[in-house]
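Reader: I'd like to go through this structure with you. Can we look at it together?

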Amino acid sequence: MINLENFGITALFQYIFFPFVFLMGVDIQDCKAVSKLIGIKIFVTEFLAYSKMGKMVDMRDELIKNGLFESFLNGSYVLSSSSDIIIHDRSVTIATYSLCGFANMASVGLQIACLSSLAPNRAKLFPKIGFYAMIAGNICNFINACIAGIWYRDF
């Protein structure tokens with residue numbers, strides 16, 4: 001009935017974080033890739049997200065080097081469905097700032113474990129506080145990314 005062949009958790013991230021990425025100032029062509037990176041950063045770790053962003057930028061640079069970038073932009077050269085690309089340098093700058101920081105699920109787990117060992121009688125409170133701290137940390141990263149996007153200039 002419904003073709004959900006390529007639907008997974010990263011596709012879900014793309015739809016959840018797309019509005020946030022667009023509001024940060026990422027170009028509409030790059031929003032899908034950057035929102036996927038933010039989802040990977042929050043639910044896995046920022047190191048994997050930076051690694052994937054590097055591959056996306058390398059793919060763009062490879063297209064430019066081979067003279068296929070204009071063909072890609074006008075739609076005559078198509079990448080495989082599994083490969084994402086970030087086209088604009090401004091989007092790379094915003095993505096770099098939005099991925100910076102340790103506000104992810106793994107850090108929340110470490111925070112809960114450490115605080116629970118220090119104050120075991122308040123252990124039930126720490127998961128709630130850890131989740132709110134993760135949200136606050138990501139909001140700070142997103143604000144920094146917005147400011148970097150405002151100040152970014154192409155030369």
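Author: We start with a helix pair and then turn to the nonpolar cores. This is a predicted model, where local features need pLDDT of at least 70, side-chain atom pairs count only at pLDDT 80 or more, and totals for chains, interfaces and linings use all residues. Residues are numbered from 1 along each chain as its sequence is written, and side-chain values use heavy atoms, leaving out hydrogens and water.

Reader: At what angle do helix 2 and helix 5 pack?

Author: Helix 2 (residues 31-43) and helix 5 (residues 89-99) pack at about 15 degrees, with axes 10 Å apart. Helices here are DSSP runs of H or I, at least four residues, numbered from the N terminus. Axes are lines fitted to C-alpha atoms over the stretch in contact, and angles run from 0 to 180 degrees between N-to-C directions. So helix 2 is roughly parallel to helix 5 (angles under 35 degrees count as that).

Reader: Which residues make the contact?

Author: Helix 2 gives Val-34, Leu-37, Ile-38 and Lys-41. Helix 5 gives Ser-91, Ala-95, Ser-98 and Leu-99. Contact means heavy atoms within 4.5 Å.

Reader: New topic. Which residues of the largest nonpolar core touch the most other members?

Author: Val-21, Met-24, Val-34, Ile-38, Met-53 and Ile-86, out of 26 residues. A nonpolar core is a set of buried Ala, Val, Leu, Ile, Met, Phe, Trp, Tyr and Cys residues joined through side-chain atoms within 4.5 Å. Buried means under 20% relative accessible area (1.4 Å probe, protein chains only).

Reader: Which helix supplies the largest share of this core?

Author: Helix 2, with seven residues.

Reader: What does Val-34 touch?

Author: Val-21, Val-26, Ile-86, Ser-91 and Ala-95, not counting residues up to four places away in sequence.

How values were computed:
Helix = DSSP H or I, 4+ residues; strand = E, 2+ residues; numbered from the N terminus. Parallel < 35°, antiparallel > 145°, perpendicular 65-115°, else oblique. Buried < 20%, exposed > 50% of the residue type's maximum accessible area, 1.4 Å probe, protein only.
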